[in-house]
Amino acid sequence: MSIGQLSKHRKLGLSDERAVEMYRFMQKARKFDERGFLLQRSGKIGFHVSGIGQEVAQVAAAFALEQGKDYFLPYYRDYGFVLSVGMSVKELMLSVFAKAEDPNSGGRQMPGHFSHKKLNIVTGSSPVTTQVPHAVGFALAAKMKKQDFVSFATFGEGSSNQGDFHEGCNFAGVHKLPVILMCENNQYAISVPLHKQISGSIAERAAGYGFPGIKVDGNDALEVYRVMKEARERAVRGEGPTLIEAVMYRISPHSTSDDDMLYRTKEEVEENRAKDGIPKYRKYLVDCGLWSDEQEAELLEQLKQEINDATRYAEQAPFPLPEDTLRHVYAEEGEVR
């Protein structure tokens, strides 16, 4: 690897410490996800939806945005993203256990419906891709108020066929809004493969709405970071939206209620597992002299302890009370709206 390649993260404005921190969050998301599967299989939680294989693009995108300023509208696989912008493993674990302290919904939504007011994470609804026009609405507010934040939404390639996606893109394009839309193209809309659901490229669709569409390798952390950073700079300059298609592969089943061997082969999964971006990024850090086997072992032990502690806490935490069912649904008397 050349000197130029070894310093790629620095050329992108990432310090050595930030480059390493990205890797830590990728592993944190992966280990949390793996624990979610184990908890469901052991009967401790009812359902888990996975994002294994998609963490690299999620974390890289989060690091290119500004926490405390930008607004985030993630979709249900984005553990890597929400952890990177400030959610804790404990908070996510409270969500999968549906406990009252869950900051996402107080234990009332399915896991993956992320929400955190202090972190500017906007809750999503169950119908897929509704977060796209919502993100466009936040971007409209930024433009009307002449504020320099951007809004960011993620979604799957299957849901990019929904009307909400196209309506959101059209409105954003017409008004040149500061919104970034990232499709996590994981090759499957539940059980339907890409070639049966998409004609052409998702990124190419942006041309019809008058703004750039960029296709990027979702397993390449620094490339995702680069295109995200450029998209944010473009949005803040008032040049309008960007559509990013991050191509990756969903290594895990769609969810714990899915038998993925009914629609794909083990050979296909293993072939794509070999392209997993986490070990690829780890190798880059090792080649840069920023990571070692000793640091890897220490990180995995820390994450194991953190996830164990969060699991124990969430298991013992109280469930929401029936009398609080309508809390946060309707404004209470005297409450400031």
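Two exercises on a predicted model follow, each with a worked solution.

Residues are numbered from 1 along each chain as its sequence is written, and side-chain values use heavy atoms, without hydrogens and water. Local features need pLDDT of at least 70 and side-chain atom pairs pLDDT 80 or more, whereas totals for chains, interfaces and linings use all residues.

**Exercise 1.** Classify the ring pair of tyrosine 79 and phenylalanine 114, and locate both residues.

*Solution.* Rings of Phe, Tyr and Trp (its six-membered ring) pair if their centres lie within 6.5 Å; planes under 30 degrees apart count as stacked, over 60 as edge-to-face and the rest as tilted. Here the centres are 5.7 Å apart and the planes make 85°, hence an edge-to-face pair. Tyrosine 79 belongs to helix 5 (residues 79-84), and phenylalanine 114 to the loop between helix 6 (89-96) and helix 7 (131-144). Helices are DSSP runs (H or I, at least four residues), numbered from the N terminus. Buried means under 20% relative accessible area (1.4 Å probe, protein chains only). Tyrosine 79, at 2%, counts as buried; phenylalanine 114, at 3%, is buried. Ring pairs link Phe32, Tyr79 and Phe114 into a cluster.

Key:
Helix = DSSP H or I, 4+ residues; strand = E, 2+ residues; numbered from the N terminus. Buried < 20%, exposed > 50% of the residue type's maximum accessible area, 1.4 Å probe, protein only.
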